[in-house]
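Here is a short report on one protein model. Keep the sequence and the 3D view open while reading.

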Amino acid sequence: MASEKAKKTILKFDTEDDVAVALAKYTADLSQRFIQEKGSFNVVLSGGTLIDTMRYLTQAPHKESVDWSKWNIFWLDERVVPLEHKDSNYKLAYDGFLSKVSIPGGQIFPINDKKSPEGAAEDYEALHRDLVERKILPLSDATGFPKFDLMLLGMGPDGHVASLFPNHPQRDEKERWVTFITNSPKPPPPRITYTFPVINSSSEIAMVVTGAELATAVKDVLGNPNSKLPAAEVSPQGLLTWFLDKDAASKL
């Protein structure tokens, strides 16, 4: 069903597995489209359950049909821990997705895990500015911030997206591309994160939300026009598609 805003589509599925099947086709179709249009596909991954819900991309027919050589991979947010640490979103993505497809290593862009949170944020933003200079990552004509082809987002029970939490100032950052947080309410506390201006400059955003523990937040974000939750601020330049299973959508 389409929402009242033309740029937002809400898709409801019976099970998480149905969400995973649909998400794989959606992503593969976008990959083909963007590669045909501009020769590459710039994708932003997040943590949580998202990587597992992407599992069908690593299986037939998508594993063989997707042109992985044209993908560039970035992280929506990251825990400032060693990349091989169990809390690392890079490790989560590598174990569950990247190790199973053939994206060239030079096109995968993790954070510098040897720096402080502030240093890692500055370094990641500098990396992005270099990719802009090299014409690998475009800027949005509308906002002047990096314009990714697809961001794959999740949401926490408190309505947070990326590491932009309720009652924390990072959600209000309007200038920086990447910022940092040292007191995340969800462990581990030190993290870096894209800011909302970067998130909302995207061509496509998939908000992938499954599980009954998220139903209250889903109801607030989608059913309350005055929602104060961070996820309610997700409003891309392009298209926003919600992928919900029956449990997450149960209070709508």
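How exposed is Asp52? Asp52 is partly exposed, at a relative accessible area of 49%. That class lies between buried (under 20% relative accessible area) and exposed (over 50%), using a 1.4 Å probe and protein chains only.

## Basis and confidence

This is a predicted model, in which local features need pLDDT of at least 70, side-chain atom pairs count only at pLDDT 80 or more, and totals for chains, interfaces and linings use all residues. Residues are numbered from 1 along each chain as its sequence is written, and side-chain values use heavy atoms, with hydrogens and water left out.

The mean pLDDT (the predictor's confidence in each residue, from 0 to 100) is 96, and 98% of residues reach 70 or more. Residues 1-6 fall below 50. Beyond near neighbours in sequence, that stretch has six contacts (heavy atoms within 4.5 Å) in the model.

## Salt bridges

Side chains of opposite charge can pair when their charged atoms come close. The whole structure holds 16 salt bridges. Each is a side-chain nitrogen of Lys or Arg within 4 Å of a carboxyl oxygen of Asp or Glu.

Arg55 bridges to Glu16 at 2.7 Å, N to O. This pair links distant parts of the chain, 39 residues apart: Glu16 sits in helix 1 (residues 16-38), and Arg55 in the loop between helix 2 (50-53) and helix 3 (62-65). Helices here are DSSP runs of H or I, at least four residues; strands are runs of E, at least two; both are numbered from the N terminus. Glu16 counts as partly exposed because its relative accessibility is 22%. Arg55 also bridges to Asp52, at 3.5 Å, N to O. Glu16, Asp17, Asp52 and Arg55 are linked in a network of salt bridges.

Another bridge joins Arg191 and Asp77, with the closest N and O atoms 3.9 Å apart. Arg191 is in strand 7 (residues 191-194) and Asp77 in strand 4 (residues 77-79), 114 residues apart. Both residues are buried.

## The sheet and its helices

Six strands form an open sheet in the order 1-9-8-5-2-3, with parallel pairing. Strands pair if DSSP finds at least two bridges between them. Strand 1 (8-13) and strand 3 are at the edges; each has a single partner strand, so one side of each lacks a neighbour in the sheet. The twist averages 20° from one strand to the next. Strand 2 (residues 41-45) and strand 5 (residues 150-153) pair in the parallel sense over two bridges. Val44 has Met151 as its bridge partner in strand 5.

Helix 1 lies across strands including strand 8 (204-209), to which it runs at about 170°. Helix 7 (residues 215-223) lies across strand 1, strand 8 and strand 9, at about 150° to strand 9. Axes are lines fitted to C-alpha atoms, for helices over the stretch in contact; angles run from 0 to 180 degrees between N-to-C directions.

## Helix 5

Helix 5 (residues 117-133) has 17 residues and should span 24 Å at 1.5 Å a residue; its end C-alpha atoms are 24 Å apart, which agrees. The expected span is 1.5 Å times one less than the number of residues.

Its buried residues include Tyr124, Glu125 and His128. Among the elements covering the buried residues of helix 5 are strand 3 (71-75), strand 6 (178-181) and strand 7. Arg129 lies in helix 5 and is partly exposed, at 40% relative accessible area. Lys135 follows helix 5, with a positive phi near 65°.
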